[in-house]
Each structure stands twice: as structure tokens, then as C-alpha cells.
Amino acid sequence: MSKHQNSEHIEEERLWVEAAKKNPQHFNKLYEKYFEAIFHFIFRRVNDEDLAADICSRTFLKAMNNLKKYEFRGLPFSAWLYRIASNEVNREYRQSNKIVTFSLEEPIIKQLIDTEEEGLKEERLEMLAKYLEKISTKEMLVLQLRFFEDKSFKEIAYILEISESGAKMRLYRTLEKLKSFFKN
């Protein structure tokens, strides 16, 4: 998507948000547009379909109920939804004392470990799983947002409530850890 198309898309979305602020029935367009992406984002973090559906419902309900507080900042509306979803997942883990999980997908793993092998060897997958158990939730989240959700650093910064340079640094450091883990 070109920068011009992206700005047109964001402007159209801003108009949808304004309409939904006046009439909650218009929130349906935003829901339909982002439900699947937000559900998959949550599912990758909880690895439980029923729990993901529950958290996704809470995310959209919270977004709709707080829509009047939403402020346009030149980012897609989805950045706000991802922030809410991330907070809801974190709340779920705090309240249930569950261990954070993460669902792996081979094309993304190949991108993360920068391998040119035709098929990932089981051994490397096991190594990656062990590594991912050792990194913090913040590090995992930045990997997920950048590689699985294809978010810009500006969006990642907004979702994680850090600076854009902080988002870049967190990703760089996490990738360096990952590379050094595989060199050992």
C-alpha cells in the first residue's frame, strides 16, 4: 500500500470512527474490518480458541464503550484495538496466574531465525521454542507485532506505550539475542 493509499485508508477509517461515536451501530464496520486480525493476535498469545474468543469480545466491547475517549493520532484504528487486546491478554494472565504461551508459524519462524533451509529441522524448532520460553513477554510481544502482525514501529510504539526508538531498540535487542542463541 502506497503512502497516499494508506493516508486515504486512515482518513476513511477516521470517518467511520466519528460516525460510530455518534451512533454505536456504525461501530460494526470497524468490528468487521478488524475482528479476524485481533482474534488471531490474541490467539497467538493464549493458544486457546475459547479464551481468545472471550478476550476478543471483551476487547471490542471495551473499544465500543470507550470510543468517545479515542483520539485520532494518524495511526490506523487497529493500533488502539491492539493496545486494548494486549492489555486484556495481560490482565487475563495476571488474574489467572497462567503462563504466557505463544503459537508458532513456520514462515515467520524462518524469517526470525533467518534460515535458508528448505524445511525447518525439528531440532531448530525445539531450540527456538526453548529460547522463546526464556524471553520476556515484552520481547515476545514486539516480535509478534512486527513479524506476525506486520505493524510499523510507530504503531508498535503506540500499542506498547513506548517511544518509536524504544520499539526499534527492543526489537533489535531481541533479534540479537535470538541470533546469538542460535550461534551457540
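Of the 184 residues in the protein, 43% are buried, where buried means under 20% relative accessible area with a 1.4 Å probe, protein chains only. This is a predicted model, in which local features need pLDDT of at least 70 and side-chain atom pairs count only at pLDDT 80 or more, while totals for chains, interfaces and linings use all residues. Residues are numbered from 1 along each chain as its sequence is written, and side-chain values use heavy atoms, with hydrogens and water left out.

The protein has nine helices and zero strands, taken as DSSP runs numbered from the N terminus (helices: H or I, at least four residues; strands: E, at least two).

The largest nonpolar core has 51 residues, and Ile38, Ile42 and Phe77 have the most contacts inside it. Such a core is a set of buried Ala, Val, Leu, Ile, Met, Phe, Trp, Tyr and Cys residues joined through side-chain atoms within 4.5 Å.

H4 gives the most, with nine residues.

Helix H2 (residues 27–46) bends by about 50 degrees at tyrosine 34, the bend being the angle between axes fitted to the seven residues ending there and the seven starting there. Buried residues of H2 include Phe27, Leu30, Tyr34, Ile38 and Ile42. Just after H2, asparagine 47 has a positive phi of about 55 degrees.

Leaving aside neighbours within four places in sequence, phenylalanine 77 is in contact (heavy atoms within 4.5 Å) with Glu13, Val17, Phe27, Leu30, Tyr34, Leu67 and Tyr70.

Conventions: Buried means under 20% relative accessible area, exposed over 50%, partly exposed in between (1.4 Å probe, protein chains only).
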